[in-house]
Amino acid sequence: MSFDEFLKEEEQKEYYKDLKSKIDEEYKNYICYPEYNNIFNALKATSFDNIKVVILGQDPYHEPNQAHGLAFSVLCEKLPPSLKNIYKEMEDDLNIKINQDGNLDYLAKQGVLLLNTLLSVRKGEAFSHKGLGWETFTDNVIKYINKLDQPIVFILWGSPAQSKIKFLNNPKHLIIKSAHPSPLSAYRGFFGSKPFSRTNEFLKENGIAPIKWNK
């Protein structure tokens, strides 16, 4: 099994053909993020066989020079508020200083799948690609990973991410859920949820190398 195989399977399905047609139109007629070639960056950056953790967010950042296909990650100097809150919780949870440059690809390379429930968005319009078919696609990604016969931590931030819980029935996996790190909800259960230390404790208990959360 691999994400390449998964994508080939999905491309044959009617919902996906309809989704691709709609997304192609969106990118043709509007400014959308991430760049078209980076839509599936999360699936390319993390090897399917190496998945240790899935961090599930909502939809990509919708301002210029932010989204690049990895949930919560940016390539710009100005950090979005959600990412600032993630770094804050990371430092408080692990009691370490984090290099806050915004780019989380170092986590993806360690087996942290940084996935959003929607993989694209119009400029300046949060959730604008809701209902186009991405929900079915990411449902199928989660179902696909759920079948893996290895311990995986699923970190679900916010209600769109937590809607995927119904697909997670593998007893080998750990589910950590909390409010989204957005400033609108971070103080309602995200801060203090300690997802990073809990993840590493679980991985170590199962004989798996922990994640190096700092660069």
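## Strands β2 and β5

Strand β2 (residues 53-57) and β5 run parallel and are joined by four bridges. Strands here are DSSP runs of E with at least two residues, helices are DSSP runs of H or I with at least four residues, and both are numbered from the N terminus; two strands count as paired if DSSP finds at least two bridges between them. This is a predicted model, in which local features need pLDDT of at least 70 and side-chain atom pairs count only at pLDDT 80 or more, while totals for chains, interfaces and linings use all residues. Residues are numbered from 1 along each chain as its sequence is written, and side-chain values use heavy atoms, with hydrogens and water left out.

Have a look at how enclosed these two strands are. Five of the five residues of β2 are buried, so the strand is largely enclosed by the rest of the structure. Buried means under 20% relative accessible area, exposed means over 50%, and partly exposed lies in between (1.4 Å probe, protein chains only). V53, I55 and G57 point one way from β2, while V54 and L56 point the other way. Strand β5 (residues 153-157) also has five of its five residues buried, so it too is largely enclosed by the rest of the structure. From β5, V153, I155 and W157 point one way, with F154 and L156 pointing the other way.

## The sheet around them

Strands of a sheet pair through backbone hydrogen bonds, either parallel or antiparallel. Here, four strands form an open sheet in the order β3-β2-β5-β6, with parallel pairing. At the edges stand β3 (112-116) and β6, each with a single partner strand, so one side of each is left without a neighbour in the sheet. Direction ignored, neighbouring strands of this sheet are turned by 15° against each other on average. Axes are lines fitted to C-alpha atoms, for helices over the stretch in contact, and angles between N-to-C directions run from 0 to 180 degrees.

On one side of the order, β2 and β3 pair over five bridges, and N116 in β3 is the bridge partner of G57. Helix α8 packs on the sheet, touching β2, β5 and β6, and its direction makes about 165° with that of β5; contact means heavy atoms within 4.5 Å.

## Helix α4

Helix α4 (residues 81-94) has 14 residues, which at 1.5 Å a residue should span 20 Å, and its end C-alpha atoms are 20 Å apart, which agrees. The expected span is 1.5 Å times one less than the number of residues. Just after α4, N95 takes a positive phi of about 55°.

The buried residues of α4 include L83, I86, Y87 and M90. Among the elements that cover the buried residues of this helix are α5 (105-108), β5 and α8 (195-205).

## Cavity and pocket

How many cavities of 30 Å³ or more does a search of the whole structure find? The search finds one. The largest cavity has a volume of about 40 Å³, and its lining includes I55, I86, M90, L114, W157 and F196. On a 1 Å grid over the protein atoms alone, a cavity is a set of points where a 1.4 Å probe fits but cannot get out; a pocket is an open set with protein on both sides within 12 Å along at least five of seven lines, and lining residues have an atom within 4 Å of a point. Grid points are joined across faces, edges and corners, and a volume is the space filled by probe spheres set on the points.

The largest pocket has a volume of about 480 Å³. Its lining holds 31 residues, of which D59, P60, Y61, H62 and S82 lie nearest the centre. The elements that give two or more residues to this lining are α4 and β3, and the largest share, three residues, comes from β3.
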